[in-house]
Amino acid sequence: MTQIRNLIDENGKRIDGRGADELRTVKITVGAVKNADGSAFIEFGKNKILAAVYGPREVHPKHMALPDRCVLRCRYHMVPFSTDTRKNPAPSRREIEISKVMRESLEPALMLQDYPRAAIDVFVEVLQSDGGSRCAGITAASVALADAGISMHDLVASCAAGKVDNRIVLDINDEEDKEGQADMPVAYMPRLEQVTLLQLDGRLAPEQFDECLEKAIGGCKMVYEIQKQALMQRYFGNETELREEVQ
Amino acid sequence: MSSSKRSTIIVEHLRKQQMWDALSRGKRLDGRDFSETRPLVIETDVIKKANGSARVKLGDTEVIAGVKVDTGEPFEGLENKGALIVSAEVLPTASPYIEPGPPDEEVVELARVVDRGVRESEMIDLEKLVLVPGKIVYTIFVDCSVLNADGNLFDATSYATVAALLTSKLPVFEMQDEKVVDSGNTQPMPVTSVPVSITAARIGDYVLIDPSAEEEACMDSRITITTTEEGFCATQKGYTGSFTPDQIKKAAEAATIKGKDVRAKLKGLEVNNG
């Protein structure tokens with residue numbers, strides 16, 4: 001693709017003013033949907049994404065139920081006004097693929113054998129899209145699953161790295177995704193040191209592959225801290241205040 | 001195959017113990033080493049009605065790809081490039097577990113991963129496929145049909161796509177009185193690189209290149225890595241398990257080494273054709 005403008009300036013700053021290793025502002029609110037068993041709202045740069053979890057609950061249709069474990073179902077969906085040009089609300093092939101890789105990135109973290117014959121449904125709704133919506137969606141869904149009290153081995157944190165102006169940078173935004181050279185979304189379980197999502201779009205030199213992977217994993221570890229903080233705030237936030245009042 | 005269908009493949013589950021025993025001795029059930037691929041046979045120009053075609057056998061997995069070239073409007077935002085679309089379907093002939101109907105998510109993923117490899121490698125110089133900038137461009141459809149499924153559909157479909165594109169004869173279209181006319185001549189495809197996809201499956205701590213259907217039924221996770229002559233261009237982790245960063249780096253190394261052999265084979269087709 002012909003480069004229209006430089007995405008990194010002479011001081012090493014990116015178009016949104018970030019350095020190469022800087023994450024966009026991430027804010028996670030736990031319990032954003034009242035009716036859901038677990039939920040989270042994430043703002044990841046300009047992304048605004050809602051994740052809601054229902055379950056474990058009865059499986060419909062019943063023949064989908066598994067005798068030894070729970071069925072995990074995932075839907076990634078973009079609302080029509082979330083993009084620059086209106087998006088047809090019907091699921092696109094892109095959304096079908098993302099729903100699948102999202103489910104497969106969350107499943108290694110869940111103890112599905114704890115809930116035989118049941119289903120857990122994860123709904124991820126992109127209300128406003130920016131680059132890296134699948135990463136933000138996985139991050140929010142994982143917090144929502146924890147909020148629903150599902151047994152988990154670890155949280156799944158997700159972040160992309162990529163190549164922009166021949167440099168490997170963390171957390172690609174929309175412009176960098178469209179005009180940059182490569183995008184590698186990764187999901188990672190930091191406590192278990194396991195990669196649960198790995199995709200790559202774009203060209204990387206052999207030595208850049210490892211660099212990009214390591215950078216993305218580093219980003220996942222930063223996101224992990226924000227996830228834990230959000231859950232602590234939701235469950236222990238008031239308690240700390242109360243304790244202070246008592247004292 | 002969705003996971004519910006997979007769980008009905010009882011034979012494979014019964015062989016899981018046998019597979020473990022073999023793997024712990026450093027061998028696979030079909031006698032291959034961990035990094036050994038199955039025999040690859042590529043035939044090209046098998047469908048005369050297509051502008052290019054290829055039939056690939058990777059072990060018992062068999063895929064046929066056909067290229068159809070036409071003209072049309074460019075994609076939005078890519079006004080000065082020809083359009084290239086790769087799609088795939090798994091025919092009901094391919095296995096007892098496949099039913100006719102709209103593509104399920106596994107087939108959608110297959111088509112998108114193969115398309116991504118070709119697109120991101122910039123295999124075809126699409127800027128050379130423009131007739132009227134912003135208005136009329138060449139449209140290249142590559143349709144892949146899986147005839148028999150015995151594991152690793154990703155690589156077999158990718159090789160069929162690349163082989164069909166490499167050996168395609170592109171019709172020369174011309175503009176006459178603002179209309180597109182087929183001149184009757186052909187030209188070779190403007191090829192800039194040859195993408196090669198290599199897929200590995202992890203079963204426990206073992207990482208196996210080019211998994212068979214039996215191995216896929218036992219696998220924890222799967223990874224597909226596509227390389228060009230210069231480096232990496234696409235990756236997809238699939239299935240419900242995970243990988244350690246080290247396993248991924250080793251798979252990337254294997255994809256580079258194995259990719260070279262397959263690339264040499266694919267490039268041989270191009271030479272024979274030209």
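Student: What is the area buried between chain B and chain A, and what share of it comes from carbon and sulfur atoms?
Tutor: The buried area is about 3,200 Å², and carbon and sulfur atoms give 52% of that. On the chain B side, B:E105, B:F232 and B:K237 lose the most area to chain A, together 19% of what that side buries. Buried area here is the accessible area (1.4 Å probe) that two parts lose on being put together, summed over both. The size of an interface is often given in this way, as accessible area lost when the parts come together.

Student: What sort of model do these values come from?
Tutor: This is a predicted model, in which local features need pLDDT of at least 70 and side-chain atom pairs count only at pLDDT 80 or more, while totals for chains, interfaces and linings use all residues. Residues are numbered from 1 along each chain as its sequence is written, chains are lettered from A and ligands numbered from 1 in the order in which they are written, and side-chain values use heavy atoms, with hydrogens and water left out.

Student: How many residues of each chain take part in the contact?
Tutor: Chain B gives 35 residues and chain A gives 34 residues. Contact means heavy atoms within 4.5 Å.

Student: What makes the meeting of A:K100 and B:E109 a salt bridge?
Tutor: The term asks for a side-chain nitrogen of Lys or Arg within 4 Å of a carboxyl oxygen of Asp or Glu. The side chains of A:K100 and B:E109 meet at 2.6 Å, N to O, so the pair qualifies. Between chain B and chain A the count is eight salt bridges.

Student: Which elements of chain B supply at least two residues each to the side that touches chain A?
Tutor: They are α4 (105–120), β11 (221–227), β12 (232–238) and α7 (245–273). α4(B) gives the most, with eight residues. The residues on that side of chain B divide into 13 nonpolar, 11 polar and 11 charged. Helices (H or I, at least four residues) and strands (E, at least two) are DSSP runs, numbered from the N terminus.

Student: What joins β11(B) and β12(B)?
Tutor: Six bridges, in the antiparallel sense. The two strands form a hairpin with four residues between them, and B:T226 has B:A234 of β12(B) as its bridge partner.

Student: Why is β12(B) described as largely enclosed by the rest of the structure?
Tutor: Seven of its seven residues are buried, so β12(B) is largely enclosed.

Student: Why is B:T240 called buried?
Tutor: Buried means under 20% relative accessible area, exposed over 50%, and partly exposed in between (1.4 Å probe, protein chains only). B:T240 has 19% relative accessibility, so it counts as buried. B:T240 lies in the loop between β12 and α7 of chain B. Leaving aside neighbours within four places in sequence, B:T240 is in contact with A:E104, A:E107, A:P108 and B:D220.

How values were computed:
Ala, Val, Leu, Ile, Met, Phe, Trp, Tyr, Cys and Pro count as nonpolar, Asp, Glu, Lys and Arg as charged, and the others, Gly among them, as polar. Two strands pair if DSSP finds at least two bridges between them.
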